[in-house]
Amino acid sequence: MLRSSQPLTGPNRKRCREDEVLLGTVLDEGERGFIIDTRSAQAAKQARMTGGGTEPKSSYPRWRRLHRPLERGRLLQESFIKLVEACNDASVNMDRWLSRLESCRWLSHVKAALSTACLAAQCMDREEASVLVHGAEGTDTTLLVTALAQVILDPSCRTLVGFQGLLEREWIQAGHPFHLRCSRSAYSHARLKQEAPLFLLFLDCVWQLSRQFPFSLEFSERLLLTLFDNAYASAYGTFLCNNEKERCLCKVKENTHSLWAWLNEPEEKMKYLNPLYSHNSLVIWPSIEPQSIQLWQGLFFRWIRSSQYLDEAWAEIQQLVEGN
């Protein structure tokens with residue numbers, strides 16, 4: 001699996017021989033690859049006017065391009081805001097609640113992300129083909145797809161340590177602009193142009209996987225909630241800045257503590273483990289049927305509904321497992 005930003009073909013359809021050679025060397029003789037573009041075909045075409053574009057078939061004859069549009073901007077942020085507002089409105093009746101849940105379209109974004117990640121995983125696992133994923137800059141929906149595909153395919157990414165490594169590699173080092181995307185929250189009255197909960201969408205998709213495969217992920221929902229909290233407000237420097245260059249200029253590693261170091265402290269680590277975990281070396285193919293996608297109640301209802309009984313149940317499960 002590869003990831004990149006869009007090719008800069010521009011309005012004059014410029015070619016980059018180096019890119020063509022690079023992608024050509026990925027494939028052995030007779031092999032074909034897939035390019036998954038997370039923009040619509042129309043959006044990719046329009047990007048040429050500002051210097052961007054996509055791979056022309058004539059220059060990349062051994063690669064098949066598939067467009068799977070994923071929202072990454074203002075519409076995604078508005079969806080998040082509408083969902084949080086609906087979840088915090090205790091006065092709505094059932095019909096009104098279902099109507100608001102549908103109109104915010106958050107679960108549709110979750111389904112689309114999982115569907116695209118499954119497509120990438122299927123190309124690799126069942127077609128045994130190479131896959132290149134990109135959208136525009138390659139730092140938003142691109143990372144969403146590549147990270148999810150690895151959780152689906154690779155059992156090591158479903159362990160606590162492996163998942164941390166995945167986040168470090170696919171989100172932090174790959175340049176997801178956390179400062180711009182998570183500078184405020186759904187509760188903010190400001191509507192910042194660059195705000196978008198891509199990382200939250202990823203965490204929600206991982207939660208869907210954990211719900212459908214309760215024994216296959218070594219970490220629990222509590223880890224996902226902790227990651228969400230720290231992406232928006234943190235005492236640690238792990239999610240600071242927008243890219244590695246900014247983190248180096250701000251000397252983040254020298255001046256702050258690492259979230260991973262804290263999570264891996266023995267006493268802390270136990271809090272985030274899934275007591276039902278059993279190593280599963282197989283690929284986990286999630287159901288993406290509408291009936292299978294559920295609202296992440298542990299996150300979106302966490303401020304209006306106590307988790308006391310659920311926490312007590314998990315503690316009892318942990319004691320039973322340790323007793324055996």
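**Exercises on a predicted model**

Trp303 sits in the loop between helix H15 (297-300) and helix H16 (308-323); helices here are DSSP runs of H or I with at least four residues, and strands are E runs of at least two, numbered from the N terminus. The model is predicted, so local features need pLDDT of at least 70 and side-chain atom pairs pLDDT 80 or more, while totals for chains, interfaces and linings use all residues. Residues are numbered from 1 along each chain as its sequence is written, and side-chain values use heavy atoms, without hydrogens or water.

**Exercise 1.** Work out which strands lie at the edges of the open sheet.

*Solution.* Start with the order, E1-E4-E2-E3, with parallel pairing; two strands pair if DSSP finds at least two bridges between them. Strand E1 (2-3) and strand E3 (63-67) each pair on one side only, as edge strands. Next, look at E1 and strand E4 (residues 131-134), joined over two bridges in the parallel sense. There, Leu2 has Leu132 in E4 as its bridge partner.

**Exercise 2.** Find what Phe300 touches beyond its neighbours within four places in sequence.

*Solution.* Take contact as heavy atoms within 4.5 Å. The list is then Phe80, Leu83, Val84, Cys87, Trp106, Asp204 and Leu295.

**Exercise 3.** Is Trp303 buried, partly exposed or exposed?

*Solution.* Recall the cut-offs: buried is under 20% relative accessible area, exposed over 50%, partly exposed in between (1.4 Å probe, protein chains only). Trp303 has a relative accessible area of 47%, so this residue is partly exposed.
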